[in-house]
Amino acid sequence: MSPWQIIIAVSVLGGIIGGMGMGGGTLLIPLLTLAAGLEQHLAQSINLVAFVPMSLVAIFIHKKNGYVCFKKSIPIVCTAIIGAVGGSVLAKYSGGYILRACYGAFLIALGIFQFCKVIISAVKQYKAKHAKPKTAVVQSE
């Protein structure tokens, strides 16, 4: 496959995942750097540019389906804007290697967290399914 075919395939897959609200950049950035050979700064900027129209379409569809509450989103949006400014400044002064290492560490931590959540949930379900019924204690007089 040519680099452009890889970029298009990765973008479609990232768009699908992003449209579901799962963060298409989680997939898009590593694939753009690893499969298409783009620099980390460029991959992250492409992800940000792609995120705007992708999120607008997803918001429209999710709102139409009744899944969006703008009032509850305001505090998250405001703090995310502050974080975006800080992250942009950090990215400007960081080298590609540092960005790649930080992003990789983030993905590893996220994977471990999600894995632990699944294991804990599975254990709880197993215990609930195999719990012995409690017997009533009858006191005699």
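Analyst: Start with confidence: pLDDT is the predictor's confidence in each residue, from 0 to 100. Helices are DSSP runs of H or I, at least four residues, numbered from the N terminus. In the chain, mean confidence is lowest in H1, at 78, and highest in helix H4 (residues 70–93), at 92. The chain average is 85, and 91% of the residues score at least 70. This is a predicted model, in which local features need pLDDT of at least 70, side-chain atom pairs count only at pLDDT 80 or more, and totals for chains, interfaces and linings use all residues. Residues are numbered from 1 along each chain as its sequence is written, and side-chain values use heavy atoms, with hydrogens and water left out.

User: Why is Gln-40 called buried?

Analyst: Buried means under 20% relative accessible area, exposed means over 50%, and partly exposed is in between (1.4 Å probe, protein chains only). Gln-40 has a relative accessible area of 4%, so it is buried. Gln-40 lies in helix H3.

User: What is Gln-40 in contact with, leaving aside its neighbours within four places in sequence?

Analyst: Contact means heavy atoms within 4.5 Å. On that test, Gln-40 is in contact with Ile-29, Thr-33, Gly-96, Leu-99, Arg-100 and Tyr-103.

User: Why does Ala-58 count as buried?

Analyst: Its relative accessibility is 11%, so Ala-58 counts as buried. Ala-58 is found in helix H3 (residues 40–64).

User: Why does Gly-111 count as partly exposed?

Analyst: Gly-111 has 37% relative accessibility, so it counts as partly exposed. Its place is in helix H5 (residues 96–129).

User: Why is Ile-16 partly exposed?

Analyst: Ile-16 has a relative accessible area of 46%, so it falls in the partly exposed class. Ile-16 sits in helix H1 (residues 3–19). Together with Ile-8, Val-12, Leu-13 and Met-20, Ile-16 forms a nonpolar patch on the surface, with about 470 Å² of accessible area.

User: What makes a set of residues a nonpolar core?

Analyst: The set holds buried Ala, Val, Leu, Ile, Met, Phe, Trp, Tyr and Cys residues joined through side-chain atoms within 4.5 Å. The largest one here has ten residues: Ile-6, Ile-7, Val-10, Leu-28, Ile-29, Leu-32, Ala-36, Leu-38, Ala-43 and Tyr-103. H1 and helix H2 (25–34) are the elements that give two or more residues to this core.

User: Which residues does Val-10 touch, not counting those up to four places away in sequence?

Analyst: Val-10 touches Leu-28, Leu-31 and Leu-32.

Terms used. Patches are made of residues with over 30% relative accessible area and no salt bridge: like charges are joined within 9 Å, nonpolar side chains (Val, Leu, Ile, Met, Phe, Trp, Tyr) within 5 Å. Accessible areas come from the Shrake-Rupley method with a 1.4 Å probe; for residues, only the protein chains shown count as cover. A salt bridge is a side-chain nitrogen of Lys or Arg within 4 Å of a carboxyl oxygen of Asp or Glu.
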